[in-house]
Amino acid sequence: MSPKVGVAPLRREQIVRATIRCLACDGYAGLTMKKVARTAGVSQGILHYYFADKRAILVAALEMVMADLDRRVAAAQARGPRDPRARLRALITACLRLATEAREFWVVFVEFWGEMMHDRRLREINAALYRRVRRQIGALVAQGIEAGTFRRVDVVQAAAVVLALVDGVSLQLTFDPRAFGAAAAVRLCEDVLTRYLEKEAP
């Protein structure tokens with residue numbers, strides 16, 4: 001029996017958020033449809049109406065955390081100056097703060113990456129996601145070069161470097177929050193990227 005009109009999106013979100021909580025507690029290895037249904041407060045029949053198996057829920061969890069990150073980045077960029085340097089800084093800050101403010105979201109990434117090593121379809125999903133993010137970062141780098149703020153670099157390569165830096169620092173914040181706080185992490189990334197991207201003073 002299908003859910004009432006208007007209920008479906010809310011019920012699906014409820015299930016995916018329950019999945020994120022389960023992943024944060026027990027990882028993908030400990031994830032079961034029964035556990036997700038119990039955490040979401042729905043029957044297993046309802047759960048299977050939306051998702052065929054735990055692999056499908058994992059993909060939905062990744063999509064949800066990325067959508068949340070996209071919203072955080074957009075909001076941070078909207079609040080600040082419009083120049084490429086400020087927009088890049090807002091993107092980096094939003095990503096790093098997610099690791100300390102919503103640790104379970106980065107756990108979803110880690111669990112997804114572990115599974116994708118053994119699943120071609122998941123690797124394709126991850127590759128498409130990373131291409132999109134690199135295009136987003138690359139566009140900001142290209143704008144900075146055009147504006148004379150950044151030195152001339154290979155935009156595609158620079159985007160990959162920026163993303164690698166953000167991923168690496170975010171993972172450290174997730175694994176060991178005592179290594180440094182979000183503010184210190186932002187300053188570190190800014191310092192590294194300033195040396196890498198910005199022109200030297202004449």
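Is S170 buried or exposed? S170 is buried, with a relative accessible area of 0%; buried means under 20%, exposed over 50%, and partly exposed in between, using a 1.4 Å probe and protein chains only.

Before I go on, this is a predicted model, where local features need pLDDT of at least 70, side-chain atom pairs count only at pLDDT 80 or more, and totals for chains, interfaces and linings use all residues. Residues are numbered from 1 along each chain as its sequence is written, and side-chain values use heavy atoms, with hydrogens and water left out.

Back to S170. This residue lies in helix α8, residues 155-175; helices are DSSP runs of H or I, at least four residues, numbered from the N terminus. Leaving aside residues up to four places away in sequence, S170 touches C95, L96, A99 and W106, where contact means heavy atoms within 4.5 Å.

W106 brings us to the rings. W106, F109 and W113 are linked into a cluster by ring pairs. Rings of Phe, Tyr and Trp (its six-membered ring) pair if their centres lie within 6.5 Å; planes under 30 degrees apart count as stacked, over 60 as edge-to-face, and the rest as tilted. That rule gives four aromatic pairs. In one, the ring centres of Y49 and Y50 are 5.1 Å apart and the planes stand at 85°, so this pair is edge-to-face. Y49 is partly exposed at 45% relative accessible area, while Y50, at 16%, counts as buried.

Technical notes. Helices (H or I, at least four residues) and strands (E, at least two) are DSSP runs, numbered from the N terminus.
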